[in-house]
Amino acid sequence: MMQLEQLKLTDLQTIFVDFTHIISSDVILANALLEQYYRFMPYIQMAIQNTVRKHFPGFMYINTSSSGVVPGGILREFAVALYNMSALERLRELRTNEIGQLFTIVGTVTRTTEVRPELLYGSFACLQCSTVVRDVEQQFRYTEPSVCPTLHCFNRKHWALKLEESKFVDWQKVRIQETPDEIPTGDMPRSLDVIVRGEMVERAKAGDKCVFVGTPIVIPDMTAFKTPGTSVETQRDTSHRSKEGLVNEGVTGLKSVGVCDLTYKLSFLACMVQQSTTHTTSSSHLHEDTFEEDATGVLNDLTSAELENLKTMLNTEDAIYSKLVGSIAPSVFGHETIKKGILLQMMGGVHKQTPEGMNLRGDINVCVVGDPSTSKSQFLKYICEIMPRSVYTSGKASSAAGLTASVIKDEETGEFSIEAGALMLADNGVCAIDEFDKMNMKDQVAIHEAMEQQTITITKASIQATLNARTSILAAANPLGGRYNKKLTLKQNINMSAPIMSRFDLFFVVLDDCNEVTDYNIARHIVNVHRLKDEFIQPEFTTKQLQNYIRYARTFKPRMTSVAAKKLAACYCKLRQDDAHGASQNSYRVTVRQLESMIRLSEAIARIYCSDKITESYVSEAYSLLQKSIVRVQKDDIHLEDDHNASQPMTSSQSIDGGLQGLMIQEQEYKQGASNLDAMDEEADGQETNYQRYRITYEKYCQIQSMLVLHLKDIESNRGTGTSQNELAMWYLEEIEEELNSVEDYSRERMIVEKVINRMINKDRSLIAMNENSTIKVEECAGPIIMLHPNFVYENS
């Protein structure tokens, strides 16, 4: 009765009934509904109408509020939605002996049609005597009265539908597919059409895993009658009669269609549609098709035991972060940094909208790159199991249409419709893409828009639509050649375009390095997992507790404080400076997208602590995580040897002439070196103790090189000439004077800079030395004049 009062206020027509209440009150009625639901369905609706007529008479008619019998009044059609049923049936187990019975099916929605009107009860006017026949039930097709009820009128064919007195109801056809855990090995997934009516339309979206309560029915398979270019239909031929009587009457075209195709198909008539997620049986969500959860709603849906566990987790305060990370993928040993990134991805940032209407994404995209057998696919499988709406796919076996959306032709109407791809199916969830680097480049381009704008735009077959793809992407990729090369950049290690790389918030590189302690711990962990199973894997929080905490934490909308904003700007500037002036080049340049990534990561960390404010410590943690994801290229150290056996510095005439003369010099040096090879080896062995080898890092070598080149460019622009080698070395020592603490430091740095200058002249060919025979006269003690090589191009990166 309370629901009827609420229906009167909200102008709804669906009453929700908990089936467990029916079982507890009347077991016979419950069994009758389970066995013959389709038979009792009209009587249940009639009983509700009688109740409304008795207690709420003004709510009986749609077109009038009168409580009495109104000629021409359209009765309100009430529906009963049953939920909380235990009888669950698999799609591939539906048989004809179950037609009309009541049970529940679960499936993933792959396609939905538009909402269309269905004629439920029609009022027809006889065109010969104008008699009106009301409430003619339509049985899944247009059904006219069989004969006029007037005594002297024998009309059977000439009828006119009176739209104003007929009853229409909204209906929608939903195509569902078996869930992956129900598909037997080697079989194709089965699909089924579900028909929903009234207020149940638009409750199931493409990609949702839904629970449908109803009964299987049979309807004519109209697609079996259709051949390309023709429309075969059942009709009675009364134009002429032959001697054979009724032989020529019936369905035409059977010779071309085939008798085997003249069949019915099984469909499902649903009275209730619900999301197949935890706590969907709450009465507060029955009348809603989509809702954004708040903290109060989540707490009301939890049981008392779950509520106590959630309070215990909230009371851990500062330790909650590490405990949640330890509960992520407990079967995988180590990889705490990757687990932090996955936890933040499940928490997500805050979606925002600018005053102009532009949406700013809050979802976090993560890419894991690593050597084989480093548990990349295990993380993808884990997040698909724990998140309520997730899709797992492989990059090599996926096309652009399979990832985004495809345009298909409807079997019955012939109209074009959109079928959702993986990113649309994972809307408001996570899409895990394995073997991301194996995707074709044109398929990678198709998800550019979905990763940043979180929409998919389709312009095909007279369809122009923009679809939502608000999903987080967790990708796994293998490096080229099977192993990650530390001396190459990240872009050189994987087959991925720069625009795609910039759209990932976090990059994690997993290396399979040999370490005796690490290898032993991994081996012991794997052996114990196989030997003890669940007894060994005992994380701090169970999967159920983790899901409840994530669901509660995602209701918070943290905001940035002024102190955190200053810290964020400082961290971003430091990332930019390290990227611009660092001697070791980063794998990808730091852009504004990395700043937005830090904002999203800070919001996700604030959600972990269930805080409404982003503090400075949260920004520092996000900055630290982002720094770990920026992979730096490793270079070998530079060996600076004494140049007592090195070739003489190249003269200016030799450098400027270049070309053929340079080739002749190299040939002469090669011949001379070949003839005196043994003598040089003996001399080197004898003098090995007379000189010292220096080794500096590649970063320091690049730093010295950059300082010398910039100084020479300034001198040449001002004087038009170079400077002596001694003056160049003294200038460098004056620049680093504050770093020199002793005479030994001065001597060592002087020796290093002289060897660097010699290396730049003799090996790198970035400098040239002007000897005493040049037109420029200098003192002998000052050394040769050093100038930039004419063909040297300095890249300030």
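Modeller: Let us start with Val-368, which stands opposite Phe-508 in strand E24. Please keep in mind that this is a predicted model. Strand E16 (residues 366-370) and strand E24 (residues 506-510) pair in the parallel sense over 5 bridges.

Biologist: And which sense does E16 take with E23, and over how many bridges?

Modeller: E16 and E23, which covers residues 472-477, also pair in the parallel sense, over 4 bridges. There, the bridge partner of Val-369 is Ala-477 of E23.

Biologist: Is E16 buried or exposed?

Modeller: Buried: 5 of the 5 residues of E16 are in that class, so the strand is largely enclosed by the rest of the structure. In a regular strand, side chains alternate between the two faces of the sheet. In E16 both faces are covered, with Val-366, Val-368 and Gly-370 buried on one side and Cys-367 and Val-369 buried on the other.

Biologist: OK, changing topic. Which residues have the most contacts inside the largest nonpolar core?

Modeller: That core has 62 residues, and those with the most contacts inside it are Leu-324, Leu-343, Leu-344, Met-346, Met-347 and Tyr-549. A second, separate core of 45 residues includes Val-52, Phe-78, Ile-176 and Phe-268.

Biologist: What does Leu-343 touch, leaving out its sequence neighbours?

Modeller: Not counting residues up to four places away in sequence, Leu-343 touches Tyr-321, Leu-324, Val-325, Ile-328 and Ile-608. Leu-343 is also one of the buried residues of helix H9.

Biologist: How many residues of H9 are buried?

Modeller: 9 of the 12 residues of H9 are buried, so this helix is largely enclosed by the rest of the structure. The buried set is Ile-338, Lys-339, Gly-341, Ile-342, Leu-343, Leu-344, Gln-345, Met-346 and Met-347.

Biologist: What span should H9 have, and how far apart are its ends?

Modeller: At 1.5 Å a residue, the 12 residues of H9 (residues 336-347) should span 16 Å, and the end C-alpha atoms are 16 Å apart, which agrees. Just after H9, Gly-348 takes a positive phi of about 75 degrees.

Biologist: Over to the helices H3 and H4: at what angle do they cross?

Modeller: The axes of H3 (residues 27-35) and H4 (residues 37-55) cross at roughly 115 degrees and come within 6 Å. Ala-32, Leu-33 and Glu-35 of H3 make the contact with Tyr-37, Phe-40 and Ile-44 of H4. By type, the residues of this contact divide into 5 nonpolar, no polar and 1 charged.

Biologist: Last one: what is the strand order in the open sheet that holds E29?

Modeller: That open sheet of 3 strands has the order E29-E31-E30, with antiparallel pairing. E29 (723-724) and E30 (767-770) are the edge strands, each pairing on one side only. E29 is joined to E31 (residues 785-788) by 2 bridges, and Thr-723 stands opposite Ile-786 in E31. Helix H25 (residues 698-719) packs on the sheet and touches E29, E30 and E31, its direction making about 95 degrees with that of E31.

Methods. Residues are numbered from 1 along each chain as its sequence is written. This is a predicted model: local features need pLDDT of at least 70, side-chain atom pairs count only at pLDDT 80 or more; totals for chains, interfaces and linings use all residues. Side-chain values use heavy atoms; hydrogens and water are left out. A nonpolar core is a set of buried Ala, Val, Leu, Ile, Met, Phe, Trp, Tyr and Cys residues joined through side-chain atoms within 4.5 Å. Buried means under 20% relative accessible area, exposed over 50%, partly exposed in between (1.4 Å probe, protein chains only). Contact means heavy atoms within 4.5 Å. The expected span of a helix is 1.5 Å times one less than its number of residues. Two strands pair if DSSP finds at least two bridges between them. Axes are lines fitted to C-alpha atoms, for helices over the stretch in contact, and angles run from 0 to 180 degrees between N-to-C directions. Ala, Val, Leu, Ile, Met, Phe, Trp, Tyr, Cys and Pro count as nonpolar, Asp, Glu, Lys and Arg as charged, and the others, Gly among them, as polar.
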